[in-house]
Each structure stands twice: as C-alpha cells, then as structure tokens.
Amino acid sequence: MTKSDLKDLALQMKFPIVSDEGLGFLIDKIKENETKKLLEIGTGIGYSAVILEEYVDSITTIERNIYIYKIAKMNIEKYSSGKITLINADALELSLEDKYDLIFIDAAKAQYRKMFNKFKNNLTDDGIIVCDNLSFHNLKPENVSRNTKALLRKISNFKEFLKTNIEFETTFIDVGDGMSVSRRKR
Ligand SMILES: C[S@@+](CC[C@H](N)C(=O)[O-])C[C@H]1O[C@@H](n2cnc3c(N)ncnc32)[C@H](O)[C@@H]1O
C-alpha cells in the first residue's frame with residue numbers, strides 16, 4: 001500500500017480531496033516560502049496531509065466530523081511518517097496558540113471568511129493563507145439549487161472580502177478548483 005492508494009480510497013468513497021494540480025501548487029508554495037509548519041483546516045480522510053508532510057517539518061490538521069476523523073486517524077497511522085497532529089474539532093471553536101507559515105483552508109466553504117479572520121492570528125509575519133475551491137466546480141447560479149446558489153453567493157462574497165481586504169493582499173489562481181494565496185501587506 002502506498003500513499004497514492006489514499007487517493008483511490010477517496011475516489012471510491014466519492015470523498016472530495018484537493019486536485020492533483022492544487023496539490024502541486026501547494027507543494028510549489030511550500031518550497032517557495034520554505035514552509036516548516038503547516039496548518040490545515042479540513043482534514044477529510046487525510047489525503048492532503050499525508051502527501052504534504054514530506055515537504056514540511058510538521059502539519060496540524062483539523063477535522064470536525066467524527067466519522068471522517070476516525071478514517072483520517074486510521075489513514076494517518078498507516079501512511080504518515082509522524083509529522084501530523086490530527087485534531088477532532090470544529091475549527092471555529094478551537095483556539096490554537098502556535099503560529100504557522102502556511103494555513104490551508106479546505107473546509108466548509110460558507111465559513112471561509114470566519115476561518116480566515118480567526119486563523120490569520122496564527123499566521124507568521126511572512127506566512128501565507130491558501131484557500132481551495134473558490135471556483136466551486138465552475139457551477140453557474142442559474143443552473144443550481146437554492147442552497148448551492150446561496151453557497152455560490154457566499155464564495156463570491158468571500159472573494160470580494162479578500163479583494164478589498166486592507167490587511168492582506170491576495171492572488172487568485174486558476175488552478176485545480178480555484179485557489180487564493182493571501183499574505184500580509186507591507
Ligand atoms: C474537502 S474535505 C478536505 C479534503 C482534504 N483537505 C484533502 O484534500 O484530502 C473538507 C473537510 O472539511 C471538514 N470541515 C468542514 N468544516 C469544518 C470545520 N468548521 N472545522 C473542521 N473541519 C471542517 C469536513 O468535514 C470535510 O471532511
């Protein structure tokens with residue numbers, strides 16, 4: 001069994017994971033910024049954490065769903081080289097003391113703004129916050145349910161929040177399902 005079996009498992013379970021391009025992009029950012037400590041919000045089954053741990057000194061990753069957390073725990077025990085700390089909690093109810101060089105937000109899209117505002121306090125001065133799924137599968141509001149439409153509006157509001165943020169500057173990248181990279185303005 002190898003780490004990439006985790007990708008097959010996610011596909012079998014129809015469980016969402018970061019895209020290959022998104023993962024490659026994250027690895028480039030980790031190298032570029034010499035990231036040592038990474039915080040991930042939204043562990044899922046542990047795929048991204050297990051792949052990314054090779055490139056950093058440590059990863060703290062948070063998963064709120066107890067069933068998914070248990071699957072992640074098993075996968076991390078099996079595939080991790082020991083650099084991953086897995087926490088079962090709702091990230092919005094958790095207080096972390098540490099600072100991280102890279103914060104990867106890949107959780108409930110409707111909460112991105114709250115997550116960004118909360119965890120920016122855990123970002124090192126030169127650190128970056130990367131958010132995934134900002135294109136949200138390129139869905140168009142006219143073709144989706146009311147709930148999805150509301151979610152699309154929230155993602156659009158979050159992008160506007162990033163564009164007009166006085167503290168952070170953000171680049172939007174058309175990679176994977178749409179990513180953003182935010183760093184503090186100087
Ligand atoms: C897209 S999956 C994460 C995929 C994972 N990063 C990967 O690429 O392998 C999103 C996960 O975020 C979790 N999640 C959503 N909101 C959360 C929150 N407020 N706190 C912690 N986890 C959350 C969900 O339960 C789900 O498992």
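How do the residues of the shell around the ligand divide into nonpolar, polar and charged? The model is a predicted one, and in it the shell comprises eleven nonpolar, five polar and four charged residues.

Select the ligand first, together with the 20 residues that surround it, among which G42, G44, Y47, S48 and A91 are the closest. Then colour helix 3 (47–52) and strand 2 (58–63), each of which supplies at least two residues of that shell.

From Y47, step across to K7, which lies in helix 1 (residues 5–13) and which, once its neighbours within four places in sequence are left aside, is in contact with Y47 and I17. K7 counts as partly exposed because it has 17 C-beta neighbours inside 10 Å.

Next, turn to the largest nonpolar core, which has 46 residues and in which I103, I105 and V130 touch the most other members. Centre the view on I103: apart from residues up to four places away in sequence, I103 touches L39, F119, N122, L123, G127 and I129. In soluble globular proteins, nonpolar side chains tend to be buried together.

Finally, select M74 in helix 4 (residues 66–79), which counts as exposed because it has 12 C-beta neighbours inside 10 Å.

Technical notes:
Residues numbered from 1 in each chain as written. Predicted model: local features only at pLDDT ≥ 70, side-chain atom pairs only at ≥ 80, totals over all residues. Near = placed C-beta within 6 Å. Helix = DSSP H or I, 4+ residues; strand = E, 2+ residues; numbered from the N terminus. Nonpolar A, V, L, I, M, F, W, Y, C, P; charged D, E, K, R; others polar. Core = buried A, V, L, I, M, F, W, Y, C linked by C-beta atoms within 7 Å. Buried ≥ 20, exposed ≤ 12 C-beta atoms within 10 Å, placed from the backbone. Contact = placed C-beta atoms within 7 Å.
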